[in-house]
Amino acid sequence: MSASILVIEDDSSIQELIVEFLSSQGYNVDFASDGLEGISKFKQGNYDLIILDIMMPNLDGYSVCKMIRKNSTVPIIFLSALNEEENQVKGFELECDDYITKPFSFNLLIKRVEAVLRRSTKSNSEELLQFEDLNLNLNTYTVEVDGETIELTLKEFNILKTLIEKYPQVITRENLLDSIWGYDYYGDTRIVDAHIKNLRKKIKLQYIKTVKGIGYTLEKSI
């Protein structure tokens, strides 16, 4: 399936050339002519990559990137005439994935697009944890059991994540308290037991095993 790309560029001639070139390479391409339209298109669509100009009317590219990053990790490539180091540093501080300066080569553009999409695909595949019928998505903090999404609190999610990552180790209550609640937390370790109890109720699977006097581990079904 071809990747879907949103081009947010106010210069119509550059926008047209980028859209035409990427389309000729087999990508599904949508476009917006300013920042506000770009945000609107982004909210309505499901894009694999955004190519984003910086100097645009209504809403500049930095602001667009900041708004998108509040709830999305979609790859973003800045494409801008601002070629000073400070502009590029600001782009990366806003968590862009690449920064290309104008004028640019279309051959370079396609190679950068391919590289960013390749890294994104690899990253997404690495952001999944699985144990038996449990599937944890580390990007969205969601848990699925046999295809059904289970609502967990952040603490419950992190407990389950830790147990899966450390399997088959036994994790002490103190270690769970330190790693999830933080080293500055000096509360009763029974708070861990309470979260484990809720976690068992929610996932409705007998994977979490209590090791008496020590802590918890996971146990595969027979």
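Two strands pair, as I use the word here, if DSSP finds at least two bridges between them. Helices (H or I, at least four residues) and strands (E, at least two) are DSSP runs that I number from the N terminus.

**Ground rules**

I am working with a predicted model, where local features need pLDDT of at least 70 and side-chain atom pairs count only at pLDDT 80 or more, while totals for chains, interfaces and linings use all residues. Residues are numbered from 1 along each chain as its sequence is written, and side-chain values use heavy atoms, leaving out hydrogens and water.

**Entry 1: the sheet**

I started with V7, and found it opposite F31 in β2. The strands β1 and β2 are parallel partners over 5 bridges. Stepping back, I traced an open sheet of 5 strands in the order β2-β1-β3-β4-β5, with parallel pairing. Its edge strands are β2 (28–32) and β5 (98–101), each pairing on one side only. For angles, axes are lines fitted to C-alpha atoms, for helices over the stretch in contact, and values run from 0 to 180 degrees between N-to-C directions.

At the β5 side, β4 (residues 76–80) pairs with β5 in the parallel sense over 4 bridges. There I picked out L79, whose bridge partner in β5 is I100.

**Entry 2: how enclosed is β1?**

Is β1 buried or exposed? Here buried means under 20% relative accessible area, exposed over 50%, and partly exposed in between (1.4 Å probe, protein chains only). I found 5 of the 5 residues of β1 buried, so the strand is largely enclosed by the rest of the structure. S4, L6 and I8 point one way and I5 and V7 the other.

**Entry 3: helices on the sheet**

Helix α1 (residues 12–24) lies across β1 (4–8), β2, β3 (49–52) and β4, and runs at about 170° to β2. Helix α2 (residues 35–44) also packs on the sheet, touching β1, β2 and β3, with its direction at about 140° to that of β2. Contact in these notes means heavy atoms within 4.5 Å.

**Entry 4: helix against helix**

I looked at α2 with α3 (residues 61–69): they pack at an angle of about 20°, their axes 9 Å apart. That makes α2 roughly parallel to α3. My classes are under 35 degrees for roughly parallel, over 145 for roughly antiparallel, 65 to 115 for roughly perpendicular, and oblique for the rest. G35, I39 and F42 of α2 meet V64, M67 and I68 of α3.

Next came α6 (residues 154–166) and α8 (residues 190–203), whose axes come within 10 Å and cross at roughly 85°. These two helices are therefore roughly perpendicular to each other. On the α6 side I noted K155, E156, I159, L160 and L163, and on the α8 side H195, I196, N198, L199 and K202.

Most residues other than glycine have a negative phi, and most peptide bonds are trans. With that in mind, I looked for exceptions.

- K102 and P103 are joined by a cis peptide bond, with omega about -5°; P103 is in the loop between β5 and α5 (106–126).
- The bond from Y167 to P168 is cis as well, with omega near 5°.
- N58, not a glycine, has a positive phi of about 75°, and is exposed with a relative accessible area of 58%.
- E95, not a glycine, has a positive phi of about 75°, and is exposed at 51%.
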